[in-house]
Amino acid sequence: MSQHDRILILDFGSQVTQLIARRLRESGVYCEIWPYNAAPEARIREFAPKGIILSGGPASVNEGESPRPPAVVFEMGLPVMGICYGQQAMAHHLGGLVEGSDHKEFGRAFVDVTGECAITQGVWAPGAREQVWMSHGDRITKLPPGFRVVASSEGAPFAVIADDARRFYGTMFHPEVVHTPHGAQLLQNFTQGVCGCRGDWTMGAYRAEAVARIRAQVGNGRVICGLSGGVDSSVAAVLIHEAIGDQLTCIYVDHGLMRANESAQVVATFRDRFNIKLVHRDASDLFLGQLSGVTDPEVKRKTIGRLFIEVFEEEQNKVGGADFLAQGTLYPDVIESISATGGPSVTIKSHHNVGGLPAGMRMKLVEPLRDLFKDEVRALGRELGMPEEIVGRHPFPGPGLAIRIPGEVTREKADILRKVDSIFLEEIRAAGLYDAIWQAFAVLLPVRTVGVMGDGRTYDSACALRAVTSTDGMTADVYPFDMSFLTRVSNRIVNEVRGVNRVTYDITSKPPGTIEWE
């Protein structure tokens, strides 16, 4: 990334730090997120940022062990922007005063613009009242020397502050969230206006640079890629193939728990359209046999993960092994593995991606997507000319339909669920709603219900439909279908799928629920 201007984001543990990076990249500015405690002076100087952003966080600067930005941040002559806790930490470090307040602000708030500075110029006019999104308890009560107030709210008298001489700026609110309507422009004023970033980071540029990096890393070596058919592994495979051609072999392990016609589509796309060497192993009998009698969701996941590694290694040995293993690791995976807090998070469930790295693996990793967010991976796939049915597809868990069949998994249940799921997605696409939904799927419930069809009594399975909207999968809201749509889908399912006589719609948000049922 050396030819691109870049911004460094120091993370103090905010739940929305990733959104800062997304907003910057959407404006064509490359940036990276580092934990505040993993940013020694030498590393910062080597990164050579054009500016630094200090994120929000849950701590209070008045706590003895609270996070602090490295002193060098304020000594390099670079523009600095502090957001919420980042603003407080900057003010505290530079001689201001931060105190707890009885008037806390969480959610939507309004600020009165009393002045102008470089980050508000052309966006907010003095005298205006602007909507923002606040999330703070502490607030600045005394500005550091050299700062002036630009905007205030009832709970944050110093909602926007500026030190024009040193190019230091701070906002008590979060400009990175969509609930601050002009937040993206405020951030762009900082990165392009104050820092002078050119905004030339594009998917076309990334593609060319990634191809060069892959060629330099791999040389004449051979690469194996575990292809799931999902967006990440598919884009990684096509990008690597563009770089090294037949040095890449993809292995697609079909565990018998994919959606309708999915395996045929994967094989046709990669073998016929992209001419990528592909090993297709139908291991459905093995997986379904091992899952017989298993009802615990964690045991299901671990069984599928173990078998995936075993089958993958078998196929890898058949093709003569390789020097490199390709993975579709994304930037959020990298960020979350080195969180600012450094502490373990609660394990809700095992990660959906099957497998993991075999112990004692001698291959080196090729991870060409590790700098990208999910939406950027989709953009790269389109840049590579990949079909929309792959790059635009909803997320699909590694264990496939196994975690959408609570209780024991059988081939019969998987076949029933495939038909239900296919009807649901078909109707969503016909209604033009597919791209408005983050993820949609069906669950085959482990209950049977009495029904009436024709003049006869039925005693068949019930199913649940699930559709959510989200930006990153961390939180999700139910998609508000109208009743005519749900009625149409329900009628098709009970009439066309033998074995299902009742349809329900899951209206649980995340939290408190998860997106998947298991």
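Q: At roughly what angle do the axes of helix H13 (residues 411-430) and helix H14 (residues 483-496) cross?
A: Helices here are DSSP runs (H or I, at least four residues), numbered from the N terminus. Axes are lines fitted to C-alpha atoms over the stretch in contact, with angles from 0 to 180 degrees between N-to-C directions. The axes of H13 and H14 come within 10 Å and cross at roughly 150°.

A quick note on the model: it is predicted, so local features need pLDDT of at least 70 and side-chain atom pairs pLDDT 80 or more, while totals for chains, interfaces and linings use all residues. Residues are numbered from 1 along each chain, and side-chain values use heavy atoms, without hydrogens and water.

Q: Which residues of H14 make the contact with H13?
A: Contact means heavy atoms within 4.5 Å. From H13 come Val420, Ile423, Phe424, Glu426, Glu427 and Ile428. Their partners on H14 are Phe485, Arg488, Val489, Arg492, Ile493 and Glu496.

Q: Why does Asp232 count as buried?
A: Asp232 sits in helix H6. Buried means under 20% relative accessible area, exposed over 50%, and partly exposed in between (1.4 Å probe, protein chains only). Asp232 counts as buried because its relative accessibility is 18%.

Technical notes. Helix = DSSP H or I, 4+ residues; strand = E, 2+ residues; numbered from the N terminus.
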